Amino acid sequence: MGEKEQSFKDFYEKHQVWLNLVFVVIVAILICCASVVFMNKWTNHGMTEIVPKVIGLRYENAKNVLLAQGFKVEADSIYDKMAIPGEVLDQSPKENESVKHGRTVYLKINSFYPEMKVVNSERLLHISSMQAQNLLQAMGFTRIKIKEVVGDNDDEVIEVNYKGRRLDSSMKIPISAELVLVVTFNPNKDTEIDTLSVDYANNMIQDSLLIIDNDEI
C-alpha cells in the first residue's frame, strides 16, 4: 500500500464521523436540487399561456383551439333555445387571462337537445292555476297556457295537456314544451260574487250617508 493510500485511510479513520456527516449533507443537497428541478418541470413553473376567446365557437372548434395551445378541456351543457346547438356559451378561465400552461379550461355548451323532465301531473290537479304555474316554472317550464272550462269551482286545475292530450305523469317531456292547464270557472259563482259586491257597496254608501246626516245634526 502506498503512502498516499495509507494517509487517506488514516485520515478517514480519524475523521470518519465528520466525513460521513459531510457526505449525508451533500446527498441531501443534491436530492433537494433534483426535487426543485422536478417540481418546476412537473408544474410548468414559469410557463404561462393567455387563454383565447372561444365563446361563440362550436364545441369541436373551441376544443381544437384550446388543445393546440396545450390546455385541457372539460365541458358541461345547458339548453338555451335562443342559442345555436353546440355553441360555447361560457368559459372559465375567461379570455385573455394568464394561466399556467396545461391548465384545464371549463366550457359551458348549449345542448343539441332540450333537457327532459318528468312532470308529476297529479300534483298539479285540484289546485289554483297560479300554484300550478309556480310549480311548473320552478321546474324550468316557461311555455304555460291556460284553458278555461265551465266547472263547479273557480280557478281549479282539472287537467294538464301536452300536444293536445292529457299528460301522463310518467312521461318525459322537453323543458321547452308547451303545457296547457285546463282550469274551471263557475259563472254562477261569479254572479253571486258580483251581487254581493254591489250589495256591500250600497250598504257602505248608506252607512256613509247616515254618518254625514248625524254629523250635520
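The legends below describe close-up views of a predicted model. Local features require pLDDT of at least 70 and side-chain atom pairs pLDDT 80 or more, whereas totals for chains, interfaces and linings use all residues. Residues are numbered from 1 along each chain as its sequence is written, and side-chain values use heavy atoms, with hydrogens and water left out.

Figure 1. A salt bridge is defined as a side-chain nitrogen of Lys or Arg within 4 Å of a carboxyl oxygen of Asp or Glu. Arg143 and Glu178 are paired in this way, with an N to O distance of 3.5 Å. Because Arg143 lies in the loop between α4 (129-139) and β7 (144-150) and Glu178 in the loop between β10 (172-174) and β11 (179-185), the pair ties together parts that are 35 residues apart in sequence. Helices (H or I, at least four residues) and strands (E, at least two) are DSSP runs, numbered from the N terminus. Glu178 also forms a salt bridge with Lys145, the closest N and O atoms being 3.6 Å apart. This second pair links strand β7, which holds Lys145, to the loop between β10 and β11, 33 residues apart. Lys145 has a relative accessible area of 46% and is therefore partly exposed (buried is under 20%, exposed over 50%, partly exposed in between; 1.4 Å probe, protein chains only). Through shared partners, Arg143, Lys145 and Glu178 are joined into one network.

**Figure 2. The salt bridge between Arg166 and Glu159.** The closest N and O atoms of this pair are 3.0 Å apart. Arg166 is classed as exposed because its relative accessible area is 55%. A search of the whole structure finds 4 salt bridges.

**Figure 3. The largest nonpolar core and the surroundings of Phe141.** A nonpolar core is a set of buried Ala, Val, Leu, Ile, Met, Phe, Trp, Tyr and Cys residues joined through side-chain atoms within 4.5 Å. The largest one has 18 residues, and those touching the most other members include Val119, Leu136 and Phe141. Two or more residues of this core come from each of α4, β8 (156-162) and β11. With contact meaning heavy atoms within 4.5 Å, Phe141 touches residues including Lys117, Ile173, Pro174 and Leu179, when residues up to four places away in sequence are not counted.
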